[in-house]
Amino acid sequence: MDLDSIVRFISTPLIPKLIVQALAFSVLLFVRKRDLENVSTVYLGSLGLFLVRDILLQFFPFPEIVFVSDLLALVSISFVYSWFLRKRVNAFVLLGVNAALLIAFAANLLLSFLPVFSPRLYSIGLGINLLWFLLLCVLATKKGGETLPELVVAKTWILMASAFFVLFGLTAAFGFQNELIQRLLYPIFYCLFIPLSLTQLALMEKQGHREREYLTNTIDSIYAFMERSGTAFKNSADMNELLTQIVRSISEETKASGALIAMVDEFDDILAVKVLEGNFPPPFKIPSELPRKQARIEAFMKHAQFKLGETALGEPAKSGQSIFINDPAHDPRVAVNGEEDFFFYNSLIVVPLSMGDKVIGVIALSRGVNTQPFSEFEYERCRMLADFGTIVIRNLMSAMEASEKSNIEKEAAIAADIQKTLTPKKLVDTGKMTFGAFLNPARGVYSDYYDIIYSRSNKAILVMADVAGKGIQASLIMVMIRALIHLTTNTSKDISTILTWVNRGITGKIEMDHFATLAIISVDTETGDVEYANANQQSVMVIRKKKNETEFIEAESVPIGVERKTEYTSSSFKLNPGDSLVLYTDGIPEAMNIQGKQYGKKRLSDIIMRNMNQSSKDLAVTVRKDVQDFVGQARQHDDQSLLIMKMKT
């Protein structure tokens with residue numbers, strides 16, 4: 001390339017355009033490093049398209065290149081602006097129309113046999129795109145903008161639209177090869193990308209400041225909320241007090257006129273208002289007979305109940321989705337109950353309180369007719385604090401559950417200590433009888449009781465009892481039963497009378513749900529004569545060694561503690577040398593394995609029959625192990641108690 005060629009190249013309009021484009025690219029790249037929304041990418045792409053266009057025109061000065069590049073630049077910016085303004089269907093329609101226009105343009109150039117399209121038609125197509133771009137800009141101005149892309153469009157559209165109209169208008173009027181247009185107009189047009197970038201940078205700085213301020217306010221709100229709810233948690237650990245503090249905190253943070261919390265009742269499938277603060281008009285139809293007085297309405301709302309899925313309050317409780325209503329007068333979910341101001345809303349927010357997939361309640365905020373509606377910011381603040389409120393509620397529930405469990409464990413320890421004093425420390429064999437027994441509690445605290453009392457030198461009293469319920473109350477009832485039995489067995493009365501006296505001494509002094517089943521057996525240690533009375537306890541099992549068979553002695557009756565006037569009867573039988581007598585509670589035959597099959601009396605009889613040669617103590621151990629092997633990993637739901645007495649041969 002000679003000197004003249006270099007001079008001609010430098011003197012072309014390309015050089016000033018390249019210089020301006022390089023400067024604009026530098027500014028855009030600087031902005032793009034801080035642009036999380038990728039808004040500046042649109043301007044970079046358009047500027048890059050113009051750069052390629054200018055280089056091609058330097059060597060191939062065809063007007064078709066100008067038309068295609070201008071159209072592509074305008075369409076790309078219009079498409080992205082439509083996307084930013086959430087007009088995405090329109091954006092794709094715009095692409096389709098312009099794709100058809102470009103295809104027709106290409107066909108007109110390449111296929112000579114087609115009719116020749118007038119260039120004026122393409123100018124009209126370019127003009128339509130300009131008008132569409134202008135319409136987008138007007139929409140952006142009306143909307144105002146909340147996100148950064150929307151704000152950029154709203155702030156820069158006038159400059160961008162003006163530049164496009166001037167550029168395309170003068171180019172159409174004087175031609176793209178006009179010296180003034182190439183040397184002056186296009187560089188000025190490219191310079192406009194710099195103020196566009198700087199405007200975007202200023203908006204990003206402003207948005208960042210606003211987000212930092214929002215974050216600071218949010219942290220302050222969370223801190224105040226957690227401190228307030230934590231104080232309620234610490235002072236009383238009372239659910240209603242905690243809900244009150246949650247309502248007050250969220251109401252203050254959102255400047256609500258009224259607020260309430262309603263909790264879900266799983267059994268009745270309803271929502272029930274637990275806490276109400278301020279003026280909260282009922283958003284659902286109230287009973288027609290309720291007086292339309294503000295005080296009566298407020299009193300009604302404090303105890304209101306409504307079904308899940310119904311009304312503006314019940315719907316979020318069922319769907320788990322929040323509701324934000326800023327035009328209640330035209331929303332079918334909000335009912336009108338009267339003409340007075342205290343019946344009307346200006347704005348309503350209802351947010352579900354969710355633990356995972358489970359909704360436990362809703363928090364609702366209202367603003368009256370003489371106030372400003374809630375903003376999106378306040379709506380989001382309510383949702384955020386509602387999430388924290390759910391966490392605090394869950395923590396309190398866990399604490400209450402742990403406290404209850406702790407109390408149960410304390411009661412269990414006390415009951416276990418009482419039980420130790422009731423159970424015989426050692427089973428003492430007599431000259432002709434040996435004993436074996438075990439107690440196997442279902443959940444650490446048992447409500448079964450067995451005893452052996454030697455009332456006279458030749459008489460042993462065997463007792464097996466099962467008290468309904470658990471804990472200290474059940475243990476105290478055992479103490480009462482034991483005291484009455486020990487007191488009455490020192491008399492010469494028969495067993496049925498003793499059982500009747502025990503029932504009269506218990507009935508009326510215990511709750512009905514703490515009744516007890518009780519079996520009492522009196523055995524003559526010399527003769528083997530047995531007297532048996534039963535208050536709805538399991539049938540006594542008698543193993544006849546000589547006959548190698550089992551007998552079940554039945555005696556139908558009612559438990560003790562139910563009816564004071566009950567008169568119990570007794571039955572008699574005789575034990576021979578080698579025979580065994582077995583008392584047990586229903587936890588043994590009703591024990592279930594993981595297949596749902598019960599242990600049963602037959603299996604109990606069989607295991608005892610097969611091991612009759614063992615001592616009473618060993619036999620009790622064998623039965624206990626067999627029950628445990630049968631149950632396996634299945635959860636035990638009832639206590640298991642067994643008392644075996646064997647007559648020596």
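Five strands make up an open sheet in the order S7-S16-S15-S12-S13, and their pairing is antiparallel. Strand S7 (433-440) and strand S13 (549-553) stand at the edges with a single partner strand each, so one side of each is left without a neighbour in the sheet. Neighbouring strands of this sheet are turned by 15° against each other on average, direction ignored.

The model is a predicted one, in which local features need pLDDT of at least 70, side-chain atom pairs count only at pLDDT 80 or more, and totals for chains, interfaces and linings use all residues. Residues are numbered from 1 along each chain as its sequence is written, and side-chain values use heavy atoms, with hydrogens and water left out.

**Terms for strands and helices**

- Helices (H or I, at least four residues) and strands (E, at least two) are DSSP runs, numbered from the N terminus.
- Two strands are said to pair if DSSP finds at least two bridges between them.

**Inside the five-stranded sheet**

- Strand S12 (residues 540-544) and S13 are paired in the antiparallel sense over five bridges, and Ile 543 has Thr 550 as its bridge partner in S13.
- Helix H16 (residues 600-610) lies across S12, S13, strand S15 (580-584) and strand S16 (640-647), and runs at about 35° to S12; axes here are lines fitted to C-alpha atoms, for helices over the stretch in contact, and angles run from 0 to 180 degrees between N-to-C directions.
- Helix H17 (residues 616-631) packs on the sheet as well, where it touches S7 and S16, and its direction makes about 30° with that of S7.
- S12 also pairs with S15 in the antiparallel sense, over three bridges, and the bridge partner of Ile 543 in S15 is Ser 580.
- S15 and S16 run antiparallel and are joined by five bridges, with Ile 644 in S16 as the bridge partner of Val 582.
- Five of the five residues of S15 are buried, so this strand is largely enclosed by the rest of the structure; buried means under 20% relative accessible area, exposed over 50%, and partly exposed in between (1.4 Å probe, protein chains only).
- From S15, Ser 580, Val 582 and Tyr 584 point one way while Leu 581 and Leu 583 point the other way, and all of them are buried.

**Strand S1 and its partners**

- Six of the eight residues of strand S1 (residues 258-265) are buried, so S1 is largely enclosed by the rest of the structure.
- S1 runs antiparallel to strand S6 (residues 358-367), to which six bridges join it, and Gly 258 stands opposite Ser 366 in S6.
- S1 also pairs with S2 in the antiparallel sense over eight bridges, and here Leu 260 stands opposite Leu 276 in S2.

**Aromatic rings**

- The structure holds nine aromatic pairs, where rings of Phe, Tyr and Trp (its six-membered ring) pair if their centres lie within 6.5 Å, and planes under 30 degrees apart count as stacked, over 60 as edge-to-face and the rest as tilted.
- The ring centres of Phe 50 and Tyr 190 are 5.7 Å apart and their planes are at 45°, so this pair is tilted.
- Phe 50 lies in helix H3 (residues 40-59) and Tyr 190 in helix H8 (residues 179-191), so the pair ties together parts that are 140 residues apart in sequence; both Phe 50 and Tyr 190 are buried.
- Phe 284 and Phe 306 form another tilted aromatic pair, at 5.1 Å centre to centre and with 50° between the planes.
- This pair links distant parts of the chain, 22 residues apart, with Phe 284 in the loop between strand S2 (270-278) and helix H11 (294-302), and Phe 306 in strand S3 (residues 305-307).
- Phe 284 is buried, with a relative accessible area of 7%, and Phe 306 also counts as buried, at 7% relative accessibility.
- One aromatic cluster is formed by Phe 50, Tyr 186, Phe 189, Tyr 190 and Phe 193.

**Helix H4**

- Helix H4 (residues 63-84) has 22 residues and reaches 32 Å from its first C-alpha to its last, close to the 32 Å expected at 1.5 Å a residue; the expected span is 1.5 Å times one less than the number of residues.
- Of the 22 residues of H4, 16 are buried, so H4 is largely enclosed by the rest of the structure.

Technical notes
Contact means heavy atoms within 4.5 Å.
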